[in-house]
Each structure stands twice: as structure tokens, then as C-alpha cells.
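Subject: Structure for you to look over, with notes

Dear colleague,

I am handing over the structure below, and I would be grateful if you could read the notes that follow with the model open beside them.

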Amino acid sequence: MRGVAVSALACAALGVAGCSHIMHPLGGGDGPKQVTNPDSAASIGVNGYLWRATLDTLSFLPLASADPYGGVIITDWYANPEAPNERLKVTVYILDARLRADGLNVAVFKQNKAPDGQWIDAPSASQTETDLENAILTRARQLRLSNIKG
């Protein structure tokens with residue numbers, strides 16, 4: 001009975017593996033796909049205009065991590081010199097290879113300095129996230145238009 005269960009599990013695993021779009025290390029799969037979308041760069045896994053626009057828009061923040069294949073940009077903590085008791089950190093997720101408004105997600109994290117000098121998490125205004133998304137999308141459109149014209 002145990003052998004039947006192991007065989008059934010092995011067949012199910014092979015069946016699920018056949019549905020994958022990721023190349024199997026031992027061969028198989030459909031092979032590499034040609035990118036047909038002109039808005040996506042061949043060298044990165046996300047929309048090139050959104051990627052560049054995000055880096056341009058967040059250039060005033062120190063960059064902690066940038067993954068062009070996964071589409072994640074993480075900044076380090078930034079304190080405005082005019083408000084040294086408050087700092088923020090931004091994470092941007094580029095979710096699509098197309099230049100679309102829903103292909104972008106921005107998360108803003110905020111902290112305030114307590115009287116004892118410790119940083120305490122504080123809620124950030126959701127409008128800040130929306131404003132950053134809009135700024136990135138506007139810059140991405142500008143980059144795309146300059147590429148078409150030029």
C-alpha cells in the first residue's frame with residue numbers, strides 16, 4: 001500500500017512540474033521566451049521605464065537594495081535635515097513588465113524619535129504613497145515619450 005502511495009505522489013509531482021514555466025535543470029520546458037513587449041528591457045525582468053523612473057524619483061533617498069530581476073527597490077532610512085526627529089524608508093515593487101499604473105506598488109515606512117533617542121514606528125500618510133506612485137508614473141511616461149521622440 002505504501003508503494004502505491006509513493007508512486008501516486010511521484011506521478012502527481014511530475015504532473016505539476018510539467019505545468020511550470022521555469023526551465024527544469026535537467027532539460028525540458030519551453031526554453032527561453034523572446035520578449036515581444038517594446039516597453040520592457042531585455043536586460044531586466046521589469047518595465048525599464050518604471051525602473052528608471054523609480055530610481056530617478058527616489059534619488060534623494062539613500063539606496064539600500066535594488067533587484068532589477070525581481071523589481072524591488074528598497075531605500076535606507078532618510079531624515080530630512082529640516083525635521084531631524086522624523087525619518088522614512090521606501091520600498092517600491094514593480095509588478096509588471098508593461099508600463100501600467102497597477103504595475104507599481106509603493107510602501108512608505110515612517111519613524112519618529114522618542115525623547116530617549118529611540119526610533120518608534122509611526123503611521124505614514126497613505127497620500128504619501130499615492131504621491132510617490134504618481135510621481136514615478138509621470139516620470140516613466142516622460143521617459144517613454146522622450147524615447148519615442150528621440
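A residue is called buried here when its relative accessible area is under 20%, exposed when it is over 50%, and partly exposed in between, with a 1.4 Å probe and protein chains only. By that rule Asn134, with a relative accessible area of 40%, is partly exposed.

Two remarks on the source come before the rest. This is a predicted model, in which local features need pLDDT of at least 70 and side-chain atom pairs count only at pLDDT 80 or more, whereas totals for chains, interfaces and linings use all residues. Residues are numbered from 1 along each chain as its sequence is written, and side-chain values use heavy atoms, with hydrogens and water left out.

Overall layout

The protein has 3 helices and 5 strands, where helices (H or I, at least four residues) and strands (E, at least two) are DSSP runs numbered from the N terminus. Read from the N terminus, the order of the elements is α-α-β-β-β-β-β-α. Of the 150 residues, 24% count as buried, and the protein exposes about 10100 Å², of which carbon and sulfur atoms supply 57%; these areas come from the Shrake-Rupley method with a 1.4 Å probe, and for residues only the protein chains shown count as cover. Taking a contact to mean heavy atoms within 4.5 Å, 42% of the contacts between residues at least 6 apart in sequence join residues at least 24 apart.

The core and the helices around it

A nonpolar core is taken as a set of buried Ala, Val, Leu, Ile, Met, Phe, Trp, Tyr and Cys residues joined through side-chain atoms within 4.5 Å. The largest one has 19 residues, and those with the most contacts inside it are Val90, Val92, Ile94, Val106 and Ile136. Two or more residues each are given to this core by helix H2 (48–57), strand S3 (86–94), strand S4 (104–113) and helix H3 (126–149), with H3 giving the most, 5 residues. Leaving out residues up to four places away in sequence, Val90 touches Leu58, Leu61, Ile73, Ile74, Thr75, Val106, Ala107, Val108 and Leu132.

H3 has 24 residues and reaches 35 Å from its first C-alpha to its last, close to the 34 Å expected at 1.5 Å a residue, the expected span being 1.5 Å times one less than the number of residues. Its buried residues are Leu132, Ile136, Leu137, Ala140 and Leu143, and their cover includes H2, S3 and S4.

The buried ones are Gly48, Tyr49, Leu50, Trp51, Ala53, Thr54 and Thr57, and what covers them includes S1, S2, S3, S4 and H3. Thr57 counts as buried at 18% relative accessibility, and, residues up to four places away in sequence aside, it touches Leu132, Ala135, Ile136 and Arg139.

Leu61, in the loop between H2 and S1, is buried with a relative accessible area of 7%. Beyond its neighbours within four places in sequence, Leu61 is in contact with Thr75, Tyr78, Leu88 and Val90.

Rings of Phe, Tyr and Trp (its six-membered ring) are paired if their centres lie within 6.5 Å, with planes under 30 degrees apart counted as stacked, over 60 as edge-to-face and the rest as tilted. The count by this rule is 1 aromatic pair: the rings of Phe60 and Tyr78 have their centres 5.6 Å apart and their planes at 85°, so the pair is edge-to-face. Phe60 lies in the loop between H2 and strand S1 (63–67) and Tyr78 in the loop between strand S2 (72–75) and S3, so the pair ties together parts that are 18 residues apart in sequence. Phe60 is partly exposed at 48% relative accessible area, and Tyr78 is partly exposed at 23%.

Finally, Asn112 is in strand S4 and counts as partly exposed at 30% relative accessibility. Residues up to four places away in sequence not counted, Asn112 touches Asn85, Glu86, Gln118, Trp119, Ile120 and Ala122.

With best wishes
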